[in-house]
Amino acid sequence: SAKFNNFYLGLTGRIFDSGTNKMDILLNVGQEESLYGIPMTDHVYVDLVARYGLEFDFYNLALSAGIKYINDYEDEGFKVERDWDIHFALENEFIFTEKFTIGLDMYYDLLSKHKLIDKYDPVSNYKIKAYDEYGFAVDANYGINENSYIGLYFDVAFNDISDSGFKDVTDYQFGLKLTSNF
C-alpha cells in the first residue's frame, strides 16, 4: 500500500568485541500496526535487545533476547491496554561478497495479553490472552556504499492465539529495508 504501517529507528551499541565474539545492545523505537481483532490503529513501541554473536569470514551467528514495551493507545472509541512482550531469536547471516548477504532468522515471541475497552459499550470489552508466536524471516541485502545496505525481507509467523474469533493464525510480512552505519 502507499501507507507505511510498520517502521522503526534502531540504535546499536557494541559493548564487547574480541574479534570473533561480539556483544551488542539494541534500542529500537518505532510504529507498528495492530492485529487480531483490535481496531486497526498504528501504535508506538520501544524494544530493548541484548545480542551475542559470533562473526566469521563468510558466516555470522547471533542469539538475542529482548523485551518490548507497547504503549496503551486509543482509536474510534476504543482503548487498548498492553503489557510487555518478550522475544528470542537465532540469527544467521551468510556472506557471499562484501556487497551481498542473505539472512535467515528464526524467532519466538511471547506476546502479552491485550485488553480492549469500548468507551461507548463497556459490556463488549474483551481480553486476548497472552499467546506464543514463532516464525522465520529471510532477507537479501545489497551494499549500495561502504556504510549502507538496502534489502528485501520476507517474514512468516505462526501463533497459537485463540481469542476473539481467531485461532492459530499465520501472518506474512514483506518489505524493503535500509541499514546504515554511521
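Predicted model: local features only at pLDDT ≥ 70, side-chain atom pairs only at ≥ 80, totals over all residues.
Residues are numbered from 1 along each chain as its sequence is written, and side-chain values use heavy atoms, with hydrogens and water left out.

Side chains of opposite charge can pair when their charged atoms come close. Searching the whole structure for salt bridges turns up 7, where a salt bridge is a side-chain nitrogen of Lys or Arg within 4 Å of a carboxyl oxygen of Asp or Glu.

Start at Lys22. Its side chain meets that of Asp17 in a salt bridge, with 2.7 Å from N to O. Lys22 also forms a salt bridge with Glu55, this time at 4.0 Å from N to O. Strands here are DSSP runs of E, at least two residues long, numbered from the N terminus.

How exposed are these partners? Lys22 has 8% relative accessibility, so it counts as buried, while Asp17 comes out at 45% and is partly exposed. Glu55 is partly exposed too, at 38% relative accessible area. For these labels, buried means under 20% relative accessible area, exposed means over 50%, and partly exposed lies in between (1.4 Å probe, protein chains only).

Now move along strand 2 to Asp24. This residue is buried, because its relative accessible area is 5%. Asp24 forms a salt bridge with Arg51, and the closest N and O atoms are 3.4 Å apart. Here again distant parts of the chain are linked, with Asp24 in strand 2 and Arg51 in strand 3, 27 residues apart. Salt bridges with shared partners join Arg14, Asp24, Arg51 and Glu91 into one network.

What else surrounds Asp24? Leaving out residues up to four places away in sequence, Asp24 touches Thr12, Gly13, Arg14, Val49, Ala50 and Arg51, where contact means heavy atoms within 4.5 Å.

Conventions
Helix = DSSP H or I, 4+ residues; strand = E, 2+ residues; numbered from the N terminus.
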